[in-house]
Amino acid sequence: MCTDFPIAPDPQARLIYVGQDRAGHWLVQDSAGQLEGRFISRGAAMRYAVEEAEIYHASVAVAQDALTPLVSFDPVAADAPVLSRAA
C-alpha cells in the first residue's frame, strides 16, 4: 500500500513504561497515569506491558529511573473509611 504523505510517529502516543520502584517492585505504568500493574518479575511485567501496548497502540519503554507507584504499597489504616460496595 502506498501513501502520498509521510508516516511519522505520533508525539502524543501513549508510552507504557516497565521498571522498578525504589523498593525493587516491578511496575508497569503508562504515560497518561491511567494504568499501573505490579509484578513479581521483570518477565511478567514485560508480558503485561506488551499485551497492553497492543490494545492501546502504544510503545513499550524500559524506565531509566525508578518509578513512583500510583497506588501505595502501605497497609490500609485501621480507621480508613470503607466503601459500602465496590464499583
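Predicted model: local features only at pLDDT ≥ 70, side-chain atom pairs only at ≥ 80, totals over all residues.
How do E2 and strand E3 pair, and over how many bridges? E2 and strand E3 (residues 36-39) run antiparallel to each other and are joined by four bridges.

Let us step back for the overall plan. The protein has 87 residues, and 22% of them count as buried. It contains one helix and four strands, and reading along the sequence gives the pattern β-β-β-α-β. The accessible surface comes to about 7,000 Å², with 55% of that area belonging to carbon and sulfur atoms. If you take the contacts between residues at least 6 apart in sequence, 49% of them join residues at least 24 apart.

Now to the sheet itself. The four strands form an open sheet in the order E3-E2-E1-E4, with mixed pairing. E3 and strand E4 (59-62) stand at the edges with a single partner strand each, so one side of each has no neighbour in the sheet. From one strand to the next, the twist averages 20 degrees.

Follow E2 on its two sides. Towards strand E1 (residues 15-20), five bridges hold an antiparallel pair together, and here Val18 has Val28 as its bridge partner in E2. The hairpin of E1 and E2 has five residues between the strands, and Gly24 takes a positive phi near 95 degrees there. Towards E3, Trp26 stands opposite Phe39, while Gln29 has Glu36 as its bridge partner. E2 and E3 also form a hairpin with five residues between them, and Gly33 in its turn has a positive phi of about 70 degrees.

How well covered is E2 (residues 26-30)? Five of its five residues are buried. In a regular strand, side chains alternate between the two faces of the sheet. In E2, both faces are covered: Trp26, Val28 and Asp30 are buried on one side, and Leu27 and Gln29 are buried on the other.

Leaving aside residues up to four places away in sequence, Val28 touches Ile16, Tyr17, Val18, Leu35, Glu36, Gly37, Phe39, Ala45, Tyr48 and Ala49. Val60 is 32 residues from Val28 in sequence, and their C-alpha atoms are 9.5 Å apart in space.

Next comes the helix. H1 (residues 42-56) lies across E1, E2, E3 and E4, and runs at about 175 degrees to E1. In the loop between H1 and E4 you will find His57. The phi of His57 is near 55 degrees, which is a positive value in a residue other than glycine. Is His57 buried or exposed? His57 counts as exposed, with a relative accessibility of 70%.

Finally, the rings. Counting aromatic pairs gives one: Phe39 and Tyr48, whose ring centres are 5.0 Å apart and whose planes make an angle of 40 degrees, a tilted arrangement. Phe39 counts as partly exposed at 21% relative accessibility, and Tyr48 counts as partly exposed at 22%. Both Phe39 and Tyr48 are among the residues that Val28 touches.

Two arginines also sit over rings. The charged end of Arg38 is placed over the ring of Phe73, 3.8 Å from its centre. Arg14 lies over the face of Tyr56, at 4.6 Å from the ring centre.

Key. Residues numbered from 1 in each chain as written. Heavy atoms only, no water. Phe/Tyr/Trp six-rings, centres within 6.5 Å; stacked < 30°, edge-to-face > 60°. Buried < 20%, exposed > 50% of the residue type's maximum accessible area, 1.4 Å probe, protein only. Lys NZ or Arg CZ within 6 Å of the ring centre and 35° of its normal. Contact = heavy atoms within 4.5 Å. Areas by Shrake-Rupley, 256 points an atom, 1.4 Å probe, with all protein chains shown as cover. Pairing = 2+ DSSP bridges. Axes fitted to C-alpha atoms, helices over the stretch in contact; angles between N-to-C directions.
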